[in-house]
Structure formats: C-alpha cells, structure tokens
Amino acid sequence: MAQGCLKCLKYTMCVANFLCFVCGVAVLSLGVYLMVTFKITSLTPSLASLNIPSMLLISGIIITCVSFLGFLGALKENRCLLLTFFLVLFILMLVELTAACLMLIYENTIAEIVAKDLRDGLDQARNQTSDPASKSDWDVVQQTFECCGVINYTDWQNNIPHSCCKGGCSPESPKYFKTGCLEKMKQWFEDNFLNTGISVILLCIIEVLAMCFAMTLFCHISRSGLGYKL
C-alpha cells in the first residue's frame, strides 16, 4: 500500500512539474520575444527595468527552475531536492504575499510614483523627436487604451501625435481622445482587479498543494527507506 501511494505521489508530482516546466518555458520565450520586439521603456524611464517583458522573463526563469527541481526530486526520489523544492516554494509564497500586502498598503504612493514617471517619459518623448522608439511606445499605449497624454492631450502641447486622434487626424478639426492614459490605466487595473486577485489565490493554492505533495513524498521516502538520502 505504501509503495502504491509513493508511486502515485511520485508520478503525480512528475507530471505536474513537467506541465509547469513547459509553462515556464513558454513564459520565458514570450518574455524574450517581447524584450526583443516590444520594449515599452520610454513610458516610465526610471522604472524601465520593471517593464512587462523583464517581469515575464524573470517569472519564466523562476517557474522553469523550480518546476525542474520538483520534477527531478520526485523522479529520483531525492529527499534533498524535495526539501529544497518545498523551501523554495515556501519562500516564494511569502515573497508574493508580502508584495501583495505592500502594494495594497502603499497603493497611493505607488500610483504617484508611476504618474510622475509617466510625465517624465512623456516629456522625453515630446522633446526628443529624433528618437522614434519613444513616440512608438506612446502610440501603442494611446491606441490600445484610446487615451492621450498622461492627464489629457494638452500634455503634448503643440506636438500631439496621430495616435491621439479618433479615427484619423483631420488637419482642419482634429478630434483627440479627451481622457488621459493614467486614468485609463487605473480603470483597466480596477476592472481586472478581481481576475488578478483570483489568479493570485489560485497560484497560492497550487503552491500549497505542491508543498504538501513534496513533503508527503519526502516523509514516505523517509519512512520506507527508499531514494537518495540527505
């Protein structure tokens, strides 16, 4: 009976971690692709390292390494790897929960920092007309969110890009988006707050289940005297 439970836990962990490994490779590949082809760094100059491609890249590396650790530990029945897998997941969950709490506590401060950085990025894009990347980043955001500038189109002063126009710019009477991108982004985050919360909760549940599986397998291996020892 113990051998059957051990094998069931072992292969369940192997399959689950293999699927996570594949997802991690996919996220890593997407991060590399976006980093090469779609950099939105000129929007927030001082927060350039926290752009979406970089976060996807880091997340992909973490998921890939942790899932490989769990897969190898279960496959080889290595108690050292299983214990390491458990501790790494525990630390990651603590970091995620701490980050979520800090974001909720300092929500207004974070919003002010992002708003200031957006203004700095727009000033650079408006003044550095020789840099096409700056304009293209703002063009992508303004066309996606149907917004213009940080507060409104007057932020661009006399250098309003065509991406601010509704249905194409008419030289005689151009119609610009009235809402600023900061307000649109806030609205988008508020609309997706529930989905984000559910995703974080599901992630924590998966991590807790993975830790339970790893510790149960660790204890089974210890009691049966099988597998590699610490």
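Trainee: Which cysteine sulfur is closest to the sulfur of Cys 101, and how far away is that?

Mentor: The closest one is in Cys 204, at 10.0 Å. A disulfide needs the two sulfur atoms within 2.5 Å, so the sulfur of Cys 101 is too far away for a bond. Keep in mind that this is a predicted model.

Trainee: Is Cys 101 buried or partly exposed?

Mentor: Cys 101 is partly exposed, because its relative accessible area is 44%.

Trainee: OK, how many disulfides does the structure hold?

Mentor: There are 2 disulfides. One joins Cys 147 to Cys 181, with the sulfur atoms 2.1 Å apart. The link of Cys 147 and Cys 181 is right-handed, with 85° about the S-S bond.

Trainee: And where do Cys 147 and Cys 181 sit?

Mentor: Cys 147 is in the loop between α5 (132-145) and α6 (181-191), while Cys 181 is in helix α6. They are 34 residues apart, and the pair links distant parts of the chain.

Trainee: What's the relative accessible area of Cys 147, and what is it for Cys 181?

Mentor: Cys 147 has 0%, so it counts as buried. Cys 181 has 1% and is buried too.

Trainee: Then which cysteines make the other disulfide, and how far apart are their sulfur atoms?

Mentor: That one is formed by Cys 148 and Cys 164, with 2.0 Å between the sulfur atoms. Cys 148 and Cys 164 are both in the loop between α5 and α6, 16 residues apart. Their link is right-handed, again with 85° about the S-S bond. Cys 148 and Cys 164 are both buried.

Trainee: What about Glu 77, what is its phi?

Mentor: Glu 77 has a phi near 55°, also a positive value in a residue other than glycine. Its place is the loop between α2 and α3. Glu 77 counts as buried, because its relative accessibility is 15%.

Trainee: Which residue does Glu 77 form a salt bridge with?

Mentor: Its partner is Lys 10, and the closest N and O atoms are 3.3 Å apart. Lys 10 is in helix α1 (residues 2-37), 67 residues away from Glu 77, so to speak a link between distant parts of the chain.

Trainee: How many salt bridges does the count come to?

Mentor: It comes to 2 salt bridges. In the other pair, the side chains of Lys 116 and Asp 120 meet at 3.3 Å, N to O. Lys 116 and Asp 120 are both in helix α4 (residues 107-127), and because they are 4 residues apart, about one helical turn separates them.

Trainee: Are those two buried or exposed?

Mentor: Lys 116 counts as exposed, at 53% relative accessibility. Asp 120 counts as partly exposed, at 29%.

Trainee: Switching to the surface: which residues form the negative patch?

Mentor: Glu 107, Glu 183, Glu 190 and Asp 191 form it. Helix α6 gives the most to that patch, with 3 residues. Asp 191 is in helix α6, and it is exposed, with a relative accessible area of 55%.

Trainee: And what makes up the nonpolar patch?

Mentor: Leu 194, Ile 198, Ile 201, Leu 202, Ile 205, Leu 209 and Phe 213 make it, and the patch covers about 650 Å². Phe 213 is in helix α7 (residues 193-224). With a relative accessible area of 31%, Phe 213 is partly exposed.

Trainee: Last one: how many helices and strands does the protein chain have?

Mentor: The protein chain has 7 helices and 0 strands, so its pattern along the sequence reads α-α-α-α-α-α-α. Of its 230 residues, 30% count as buried.

Note on methods: Residues are numbered from 1 along each chain as its sequence is written. This is a predicted model: local features need pLDDT of at least 70, side-chain atom pairs count only at pLDDT 80 or more; totals for chains, interfaces and linings use all residues. Side-chain values use heavy atoms; hydrogens and water are left out. Helices (H or I, at least four residues) and strands (E, at least two) are DSSP runs, numbered from the N terminus. Buried means under 20% relative accessible area, exposed over 50%, partly exposed in between (1.4 Å probe, protein chains only). Patches are made of residues with over 30% relative accessible area and no salt bridge: like charges are joined within 9 Å, nonpolar side chains (Val, Leu, Ile, Met, Phe, Trp, Tyr) within 5 Å. Accessible areas come from the Shrake-Rupley method with a 1.4 Å probe; for residues, only the protein chains shown count as cover. A salt bridge is a side-chain nitrogen of Lys or Arg within 4 Å of a carboxyl oxygen of Asp or Glu. Lys and Arg count as positive and Asp and Glu as negative; His and the chain ends are not counted. The place of a charge is taken as NZ of Lys, CZ of Arg, CG of Asp or CD of Glu.
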